[in-house]
Amino acid sequence: MIIYIALTAELEKRLWVKEIEESLVRDFGFPIRKLDLPISPESFYDKNRRQYHSTSILKEILNNTPENTLKMVGIVPFDLFIPILTFVFGEAQLNGKVAVVSTARLEQGYYGLPQNHLLLHRRLIKEIKHELGHTFGLLHCKDRACVMALANNIIDVDKKSLNFCTACLNLLHSMIDKIKKNSAK
Amino acid sequence: MDDKKRFEDCPFLKEKKVVYCKAYPLKKMLPLDRLFEDENLCFNKSYRTCPIYQKHAPETMTEMSICYFLGTENMLYCDLSPVKKYVPVYSLKLLNPCSSNAYRDCRYYKEFKEADTDTEKVQGFIMEREAYYCSNHLWIKRSFDGIKIGIDDFGQFIMGPIKEVLLPEKGRWNHPKNVFVTLKTDDGVVILDFPVKGYINNVNDAVSSNGTLINLDPYGDGWLVEMVPYSGFKSIENNESIFYGEKAKAWLEQEAFKLRHFIESEIGVTVADGGEIWRGLRDALGIKGNLLIKMFFS
């Protein structure tokens, strides 16, 4: 059972994928593998919103998961939306298999500020952990410092830490144990 | 555009006098209030020693108390933006969000408003922390001699532009099963019952004649009635169908989920982390507006 990180070729060149993988292994305890993102974004572009429809991308990722997939997170460089919200940093299937995270609004450049690669990775790891947390059944946490706290804007993302709070971590571990037990049977 | 009009707009649009060297090839602007005029050679006769002055000044130049090439200009800037970017005052004669009501949609302005600890956003919908929320999207707040009632942000969003409002009569007792308010919108009529038994001591006449006040300021100018609850405020605090604090947030999150699932068929339940409610959503839904009203208010 593997957690896949699927990226576009452009992002793979820019991101420190190894650091991201290491950070995820520590929290989730399953092997992490990198994969090319198997989607063509054009079909998910909404001309009126000038953004990409997150849930459709999620569906497409779900249709392209390898057989041994436990979870799969797609990382995309473009701005995502769902019809109800102005934008999303990411979206995940609750208790499901797939998630998607956008780097568009995690970049300092989006806010008219000089690029900061370290900050981008910090934010990205938080969002990947957050969305993966949802796929393990975790809901939004009311502890603002927990990585599962809801973020409505980039300030909220920066406010939360890279870690799960004790309650979320316990829940995550119990979900992971359950999965490991089921697979051993 | 006159000065008075300009400063009635975004409260964070500030003006500052800057100085710059007219002879230097780059227009580098320095705020006047940040300069020590006594120490700066542009502001005393030492300017004659400046190499830029010497290069550009004509030989016949008469001596002045400050440098001939010292230019000044009034600039505008956003006090909230992390980067101070100066814009000449004259440029605001163009269509500009800072000098129109559009500043309310500005990212920096909205972030500042959200930092206000009295309100918070749940899936993009505004909630006032001090308010209690009923399942029919009425809010209840303590007032001077009783309670104030209005429609929450989610409720007004679902209804769309409110055309007519029929409020209850002042000076009467009402029961939870009595009609509290009737609201007419483009997509249908919404009838809401009283949340608690009580005596109505005031109604908001401004809303009766202008229903859009509810859309524009649901927790402020858009309030509906003031009343004295029959069993005091405890009847609200102890009412299990009236939510407060974390319970209210969880309830509103569920309502937002319901809205999302109505709009798009999903791959099971998905959770999103991100922005705020897209206010163009109702228009994009077209004929579905009446179905939304049925879903949340019947």
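A:Lys160 and A:Glu127 form a salt bridge, with 3.6 Å between their closest N and O atoms; the term stands for a side-chain nitrogen of Lys or Arg within 4 Å of a carboxyl oxygen of Asp or Glu. This pair links distant parts of the chain, 33 residues apart: A:Lys160 sits in the loop between helix 5 (154-159) and helix 6 (166-184) of chain A, and A:Glu127 in helix 4 (residues 117-135) of chain A. Both A:Lys160 and A:Glu127 are buried, where buried means under 20% relative accessible area, exposed over 50%, and partly exposed in between (1.4 Å probe, protein chains only).

Please keep in mind that this is a predicted model, in which local features need pLDDT of at least 70 and side-chain atom pairs count only at pLDDT 80 or more, while totals for chains, interfaces and linings use all residues. Residues are numbered from 1 along each chain as its sequence is written, chains are lettered from A and ligands numbered from 1 in the order in which they are written, and side-chain values use heavy atoms, with hydrogens and water left out.

**Salt bridges in chain B and overall**

- Over all chains, the structure holds 17 salt bridges.
- B:Glu120 pairs with B:Arg129 in a salt bridge whose closest N and O atoms are 3.0 Å apart.
- B:Arg129 is partly exposed, its relative accessible area being 40%.
- A network of salt bridges links B:Glu120, B:Arg129, B:Glu246 and B:Lys249.
- Another salt bridge joins the side chains of B:Lys258 and B:Glu255, at 3.5 Å from N to O.
- These two residues, B:Lys258 and B:Glu255, both belong to helix 8 (residues 245-263) of chain B and are three residues apart, about one turn of the helix.
- B:Lys258 counts as partly exposed at 38% relative accessibility, whereas B:Glu255 counts as buried at 8%.

**Fold of chain A**

- Chain A has six helices and eight strands, taken as DSSP runs numbered from the N terminus (helices: H or I, at least four residues; strands: E, at least two).
- Along the sequence, the pattern of chain A reads β-α-α-β-β-β-α-β-β-β-β-α-α-α.
- Chain A is as compact as a globular protein of its length, because its radius of gyration is 16 Å, close to the 16 Å that the globule rule gives for 185 residues; the radius is taken over C-alpha atoms, and the rule is 2.2 Å times the number of residues to the power 0.38.
- Taken along the principal axes, the C-alpha atoms of chain A fill a box of roughly 50 × 35 × 30 Å.
- Of the 185 residues in chain A, 56% are buried.
- Among contacts in chain A with a separation of 6 or more, 67% come from residues 24 or more positions apart, a contact being heavy atoms within 4.5 Å.

**Backbone angles to look at**

- Most residues other than glycine have a negative phi.
- A:Arg50 has a positive phi, near 55°, and is found in the loop between strand 3 (45-46) and strand 4 (51-53) of chain A.
- With a relative accessible area of 66%, A:Arg50 is exposed.
- B:His137 is not a glycine either, yet has a positive phi of about 65°.
- The loop between strand 7 (132-134) and strand 8 (138-143) of chain B holds B:His137, which is buried with a relative accessible area of 0%.
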